Amino acid sequence: MDGIVKSAFGILNFNTQKLVVIPMTLATAFSMALIPAVTSSYANGNMEIFRRELDKAFQIVLFITIPAVIGISVLAGPIYTVFYGHNPLGTEILAIYAPSAILFAVFSISASVLQGINMQKMTVLSLLMGLLTKLFLNIPLIKIFETAGAVYATTLGYLVACLLNLFFIHNCTDYKYTVVVKRCLLMFIFTVVMAGAVTGAESVLSMVVDHESRWQSLLVIMVCVSFGGVIYGLLALKSNLAKMLFGKRIHLLREKLNM
C-alpha cells in the first residue's frame, strides 16, 4: 500500500506537474510582454489603452493555453509514455490535471496586473483564499476520488484565487471582461473541433501502434499535434481571431496562404 501511495504522490507532484506547467509558461511569457504597457497606461490615466492592452494580454494567454492543455489532456497516454513510460494512473492524472493550467495562467497574468496597478495586497488575499480552499477540500476530495481528488482540490483553489483576482481588477479599474469572454468562447469552440479531430486521429493510429512504446507514442504525438495545430490555426485565421490578437504578422501570413 505504501508503495502505491508513494507512486501516486510522485506521479501527481512531480511527473504530471512538470508537463502541465509547460503551456502555462509559454503563454505567460507571451502575455508578460504586454504588462509594462498595461501598467504604464494605468499610471498615466489612459484607461482606453489600459483596457485594450489588458484585453490582448488575457486573450493571448487563453489563445495559447486552451488548445495546448486540452491537447495534452486528449493525448495524455502517449505524452506520459514518452516522458515517464506507460502508466495508466499517470495517464489518468495527466488528463485530469492538464486543464487546470488554464487557471494557473490566468492567475499569473491577473496577479501581475494587480501588482502593476499597486494592488499587491489583493494578490496576497486571493492567494491566501485559494490556499485555504485547497487545504479545506484536499482531504475530503482525496477520500472520495483518491489521487484525482488532490487535483480537484488544487483546481478549485486556483479557481477561487482567479475569480478574486478578476473581481479585484474589475473593482479597482472598472475593467469589463465582455470582449475576453466572447473571444474565449470562440477559442473553446475551435478547441472542441480540434480535440475531436485529434481524438479521431489518435484512435486510427492506436490500431497500428504499441501504446507502451516510447518511440511509437512519440510518433502519435507528432502526427496528432501537427494535425490539431493546423486545424486550430486555420480556424483562427479564417475567423480573424489570430489577426485581432497578433496584428500585421498574421495578416501577411493570411496573404501568403491566400486566405
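Ala68 counts as partly exposed because its relative accessibility is 27%, a value that falls between the limits for buried (under 20% relative accessible area) and exposed (over 50%), as computed with a 1.4 Å probe on protein chains only. This residue lies in helix 3, where helices are DSSP runs of H or I with at least four residues, strands are runs of E with at least two, and both are numbered from the N terminus. The C-alpha atom of Ala68 is separated by 9.0 Å from that of Thr191, although the two residues are 123 residues apart along the chain. The model is a predicted one, in which local features need pLDDT of at least 70 and side-chain atom pairs count only at pLDDT 80 or more, whereas totals for chains, interfaces and linings use all residues. Residues are numbered from 1 along each chain as its sequence is written, and side-chain values use heavy atoms, with hydrogens and water left out.

The secondary structure of the chain comes to 12 helices and 0 strands. Of the 259 residues of the chain, 43% count as buried. Among the contacts (heavy atoms within 4.5 Å) with a separation of 6 or more, 75% are accounted for by residues 24 or more positions apart.

Ala68 is also among the residues that lie nearest the centre of the largest pocket, together with Gly71, Ile72, Ile79 and Val225, out of a lining of 22 residues. A pocket is here an open set of points, on a 1 Å grid over the protein atoms alone, where a 1.4 Å probe fits and where protein lies on both sides within 12 Å along at least five of seven lines; lining residues have an atom within 4 Å of a point. The space in this pocket is about 560 Å³, the volume being that filled by probe spheres set on grid points joined across faces, edges and corners. At least two lining residues each come from helix 1 (2-32), helix 3, helix 4 (76-84), helix 9 (178-206) and helix 10 (214-238), and helix 10 gives the most, with 7 residues. By class, the lining holds 19 nonpolar, 3 polar and no charged residues, where Ala, Val, Leu, Ile, Met, Phe, Trp, Tyr, Cys and Pro count as nonpolar, Asp, Glu, Lys and Arg as charged, and the others, Gly among them, as polar.

Helix 3 (residues 47-74) also contains Val69, which counts as buried because its relative accessibility is 0%. When residues up to four places away in sequence are not counted, Val69 touches Pro23, Ala98, Pro99, Ala101 and Ile102.

Thr91 is one of the buried residues of helix 5 (residues 88-97), the others being Gly90, Ile93, Leu94 and Tyr97. At the start of helix 5, a side-chain oxygen of Asn87 reaches to within 2.9 Å of the backbone nitrogen of Leu89.

In helix 4, Tyr84 counts as partly exposed at 28% relative accessibility, and its side chain reaches the backbone oxygen of Asn15 at 3.1 Å. The C-alpha atoms of Tyr84 and Arg214, which are 130 residues apart along the chain, are separated by 8.9 Å.

Most residues other than glycine have a negative phi. Glu146, in the loop between helix 7 (120-145) and helix 8 (147-173), has a positive phi of about 60 degrees although it is not a glycine, and Glu146 is exposed, with a relative accessible area of 58%. Asp174, in the loop between helix 8 and helix 9, also has a positive phi of about 60 degrees, while its relative accessible area of 41% makes Asp174 partly exposed.

Notes: A polar contact is a pair of N or O atoms within 3.5 Å; within protein, one must be able to donate a hydrogen and the other to accept it, and residues adjacent in sequence count only if both atoms are side-chain atoms.
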